[in-house]
Amino acid sequence: MKINLLSCNAQRPDKRAIAKCIVEIASSISESLANEFTEILLEGDAVDIELQDRNSGSALRALRKLSIDYEIIE
């Protein structure tokens, strides 16, 4: 499943937690790439990632917990 991370609405976003979440839920993303995606997301630009199919439900819950808005692409 592909999703588009749109924005983070947390008052004080935890960059480390967001990057860790991206590494855990996305397929084939390294820690350094997740850090770059986190910076891009917090600057206000959207980021596309592909979720691992085995945990898509828990991945979406984790994103909501971090106040990350997303849209499902496919």
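Student: Which residues have the most contacts inside the largest nonpolar core?

Tutor: In this predicted model, they are Leu 5, Ile 22, Ile 49 and Leu 63, and the core has 20 residues. Strand 1 (2-8), helix 1 (15-25), helix 2 (31-42), strand 2 (47-50) and helix 3 (56-65) each supply at least two residues of the core. Helix 1 gives the largest share, five residues.

Student: What makes a set of residues a nonpolar core?

Tutor: The members are buried residues of the nonpolar kinds, joined through side-chain atoms within 4.5 Å. In soluble globular proteins, nonpolar side chains tend to be buried together.

Student: What is Ile 22 in contact with, leaving aside its neighbours within four places in sequence?

Tutor: Ile 22 is in contact with Leu 5, Ile 29, Ala 34, Phe 37 and Thr 38, once those neighbours are left aside.

Student: Why is Asn 4 called buried?

Tutor: The cut-off for buried is under 20% relative accessible area. Asn 4 has 11% relative accessibility, so Asn 4 counts as buried. Asn 4 is found in strand 1. With neighbours within four places in sequence left aside, Asn 4 is in contact with Ala 46, Val 47, Asp 48, Asp 69, Tyr 70, Glu 71 and Ile 73.

Student: How do you know that Lys 15 forms a salt bridge with Glu 39?

Tutor: The closest N and O atoms of Lys 15 and Glu 39 are 3.3 Å apart, and the criterion asks for a side-chain nitrogen of Lys or Arg within 4 Å of a carboxyl oxygen of Asp or Glu, so the pair qualifies. The pair links distant parts of the chain, with Lys 15 in helix 1 and Glu 39 in helix 2, 24 residues apart. The structure holds one salt bridge.

Student: Why do strand 2 and strand 3 (68-72) stand at the edges?

Tutor: Three strands form an open sheet in the order 2-1-3, with antiparallel pairing. Strand 2 and strand 3 each have a single partner strand, so one side of each is left without a neighbour in the sheet. The twist averages 35° from one strand to the next.

Student: What makes strand 1 and strand 3 a pair?

Tutor: Pairing needs at least two bridges, and strand 1 and strand 3 have five, so they pair, in the antiparallel sense. Ser 7 stands opposite Asp 69 in strand 3.

Key: Residues are numbered from 1 along each chain as its sequence is written. This is a predicted model: local features need pLDDT of at least 70, side-chain atom pairs count only at pLDDT 80 or more; totals for chains, interfaces and linings use all residues. Side-chain values use heavy atoms; hydrogens and water are left out. Buried means under 20% relative accessible area, exposed over 50%, partly exposed in between (1.4 Å probe, protein chains only). Helices (H or I, at least four residues) and strands (E, at least two) are DSSP runs, numbered from the N terminus. Contact means heavy atoms within 4.5 Å. Axes are lines fitted to C-alpha atoms, for helices over the stretch in contact, and angles run from 0 to 180 degrees between N-to-C directions.
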